[in-house]
Structures are given as C-alpha cells and as structure tokens.
Amino acid sequence: MGLFSLMFVSIVLEPFLSTATFALVDSIRPLESISDGRTLVSSDGTFQLGFFTPSSSKSRYVGIWYKNIPVHTVVWVANRCNPINDSSGTLTINDKGNLVLLSKNNSVVWSTSSLKQAQKPLVQLLDSGNLVLRDERDANSENYLWQSFDYPSDTFLSGMKIGWDLRRNLSRRLSAWKSFEDPCNGDFTYEVELDAKLHTYPEVFIREGSMKFYRAGAWNGIGFSGSPELRPNPVFDYGFVYNDDEIYYTYHLKNESVISMIVMNQTARLRQRLVWLETERVWSAYNSIPRDQCDSYGLCGLNGNCIMTENPVCQCLKGFKPKSLEQWNTMDWSDGCVRNSPLSCHDKAKDGFMKFSDLKLPDAEHSWVNKSMNLEECGAKCLSNCSCMAYTNSDVTGKGSGCVMWFGDLLDIRQFHSGEQDLYIRMLASEIGKV
C-alpha cells in the first residue's frame, strides 16, 4: 500500500457549530474562568479548548480541537456524557484546586480529581494537545496533578499512552463517539489488555461491546505480531513499554509539520490513522484496521489459520483437521479444528514441537510469560506441562529472548507473507514427520 490510501474520510464534526470566540492565553489560574464563547489556545497555536456543539445536536460540550484546520476536528471532550443544554457553562478552578465545569446555578457538570492539592494551581493547554493541571510552585513543570492524556476520548495523539499505569491502576483506552451528535463513550474501544496476576502476555484489542473484534497481537520487541506493517516509516516513531510500573503503546510524530492522529470510528467500525493533507484540505487514511477478512477475530475457530491467499481463507493448522468437516465445507468455521492424532502427553518422549513461521501469535488470554528465560528453557518447560500447547520468545530482537507459553487450544491465528516470529506447536513426535 502506498503512503496514503485513496479513501478519504471526514471527521465527525464537519458540520461543527460554535459561537464566536475570543482567544485567551494558554492557561487559567484561580479566580479566572472560561465562559461559553471564550477559549484557551496552546502557545504554538495548534490546539484550542472551548465550548462546542457537534453536528445537529443542541448540546454544549467542552473540548479540544485543532485550531487551524478548516474541518473542525475535536480530539478530546471533557463532559462526554454530561452535556450542557444552554450557554451557561463555565470552566474554572475550584477551592480544592481542581478544574470544574459548571452550568446553571453553579451545578458541577464535570471535574478533575487530583489526589494532591496544588498550592498554586495552574491549568494549561499544551502544544501537544494535552490539558494539564499542575502546581506553579513545583520546579518540575511536567509534574502533572491531572492530565487529559490520562483520559482519552476517541483520539490518540502523538505522545499519548494507550495502556496501563499499574501504580495507579489506571487504564488509558480509546472509545469511539456514540454518533456524530453524541460524544459519549460508544461501544467501539481500543485498549491494552492483560492479567498481571497471571503473568499473561499484554495485547492490544479492539472490542465491540464486550466482544473481541480485532486483536493486534502481543508486542514482540519490534512490533505487534498481528501488525507486520508496523515498521519504521517517515511519519512516526513508535514503542511499547512493559515493566512493573507501566504497560503502554505510544508513538511520536517525526516532523512537526505533519498532522496525524489515530481515531476510533464507530460508524465505519475502523481504527484509522489519519493524516491532514493541506493541499487537498482533507483528512486522508494512512492505514485502517481491521484490514481484511482475516483480521476478524477468531474467524477460523480453534486451531485454525486464516490465509488471505487461500480459498477458502480458513485452513486448519498442519497436524489438525476440521472438527466438523460438513460444517467446514459450508464455510462455517466456528467449530475450528482438532488434532489428527491425540497427544500422549504423559509420555514426553512421544511429544515434540513443530515450528511454524510468519504467524500472528495466538490469543494470549491463556498464556504465561517469563522475560528472563531463553527459547531452549521455554521449550523444556512447555514440554513438562501437559497443558502447554505452544511456545515462543517474548522478544525477537537480537537472537531472541524471553518465553511465552500457551495453554489449551490456539485461537485467532493468521498467516503472513513475512514476519519476524516463529511459533512452536506441540504434536506427537511421530506426527511431525508426516506434516
């Protein structure tokens, strides 16, 4: 695919309505406020914060948008599910040092919640699009008491983190707008999921309600195993942090002149990276997921492998066969595949592992990870556990390191033309030579 796809998209707020605004500075202090019709503007003029009305709605919200893009594009909303029905709204700092949104009769519509009260609170809109609350007397200007980047709406901006702050038990995730008129949280979400107590492999998911819709796969040190197209590029750098304090995915734009963001689109059911094309004055889709049929979560059932170049796209992994051949032949793959021959398991000499290359690794819900083990140790540990069905390195950089093991049936696998990762699947030793 070229740098930009041919599909052009418009942001949900194209028919955006707002009152005339009078730009203020980039920050407010106690006894200062922003009333409906006034705004904050980041120091470099990129972002603006104020009141707006989306599409054909009559409700008022406080949000942040790109100031100089003619297609009004809101990237964050404070009172997503608590609109104000008139122009009485005021944004100010209360006597506890928190930012509050008030409506008629000074009733609180929305507020921040800082555990520590600032001696001299300051609310500032940064050039990154991050709205922050900090103590002006703190020598460290990046010691935020609260920040909007911790509470994303539907947009993932450069420098944001999607994932977990384990120290605060805070999950940063995206959720689409319910509709063009309603910025309240929709059921289309994008987040990092894990079970830290069970030491599972953290993965990035899109869900539709409670159902898994798309899985990017786990981070392998280079990228996500289900997103081989995530490679060094001229638009952005990216990274994944996984330690005892934080687990998150982030990216940074390489060129300040490039305007790009990731948006959850409820209507199209897509997570899209958009780039602003100034000459065309439109947002263009740099990439979108899901990309194709094989990106549909669990399409081929247990132990199935989705291969876009095959017809049908669903095939059983080598060493497996359709659980219901009749159902499989009608293109209903939901029952998945079973082994050609059952494992002996307790007779370890009869079990071995077959190497599969260029796969999207299975769903890690029933997995275990150890970042200090090597591949040989990982294979030995897997072989010693009758429930372990597959293993690989958790990090493929260099010569590879770490260990991930999967227990039970393998789900949501697809084949790629190329990739950096091998998966070792348990089989009867006598079966390995046949397939």
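This briefing covers strand pairing, aromatic contacts and charges over rings in one predicted model. Local features need pLDDT of at least 70 and side-chain atom pairs count only at pLDDT 80 or more, while totals for chains, interfaces and linings use all residues. Residues are numbered from 1 along each chain as its sequence is written, and side-chain values use heavy atoms, with hydrogens and water left out.

- Strands are DSSP runs (E, at least two residues), numbered from the N terminus.
- Two strands pair if DSSP finds at least two bridges between them.
- Strand β20 spans residues 203-208, and five of its six residues are buried (under 20% relative accessible area; exposed is over 50%, partly exposed in between; 1.4 Å probe, protein chains only).
- On one side, β20 pairs with strand β19 (residues 185-193) in the antiparallel sense over six bridges; T189 has R207 in β20 as its bridge partner.
- Strand β21 (residues 211-218) also pairs with β20 in the antiparallel sense, over six bridges, and V204 has G217 in β21 as its bridge partner.
- β20 and β21 form a hairpin with two residues between them, and G209 in the turn has a positive phi of about 65°.

**Open sheets**

- Another open sheet has three strands in the order β28-β27-β35, with mixed pairing.
- Here β28 (314-316) and β35 (413-414) are the edge strands, each pairing on one side only.
- Strand β27 (residues 304-306) runs antiparallel to β28, with three bridges between them, and N305 stands opposite Q315 in β28.

**Aromatic pairs**

- The whole structure holds 23 aromatic pairs (rings of Phe, Tyr and Trp, the last by its six-membered ring, with centres within 6.5 Å; planes under 30 degrees apart count as stacked, over 60 as edge-to-face and the rest as tilted).
- F188 and F213 form an edge-to-face pair, at 5.3 Å centre to centre and with 75° between the planes.
- F188 lies in strand β19 and F213 in strand β21, so their pair ties together parts that are 25 residues apart in sequence.
- Both F188 and F213 are buried.
- F224 and F240 form an edge-to-face pair, with 5.8 Å centre to centre and 85° between the planes.
- This pair ties together parts that are 16 residues apart in sequence, because F224 lies in the loop between β21 and β22 and F240 in strand β22.
- F224 is buried at a relative accessible area of 6%, and F240 counts as buried at 14% relative accessibility.
- Ring pairs link a cluster made of F156, W219, F224, F236, Y238, F240, Y249, Y251 and Y286.

**Charges over rings**

- A charge sits over a ring if NZ of Lys or CZ of Arg is within 6 Å of the ring centre and within 35 degrees of the ring normal.
- R273 has its charged end over the ring of F236, 4.0 Å from the ring's centre.
- K371 lies over the face of Y242, at 4.1 Å from the ring centre.

Definitions and conventions. Helices (H or I, at least four residues) and strands (E, at least two) are DSSP runs, numbered from the N terminus.
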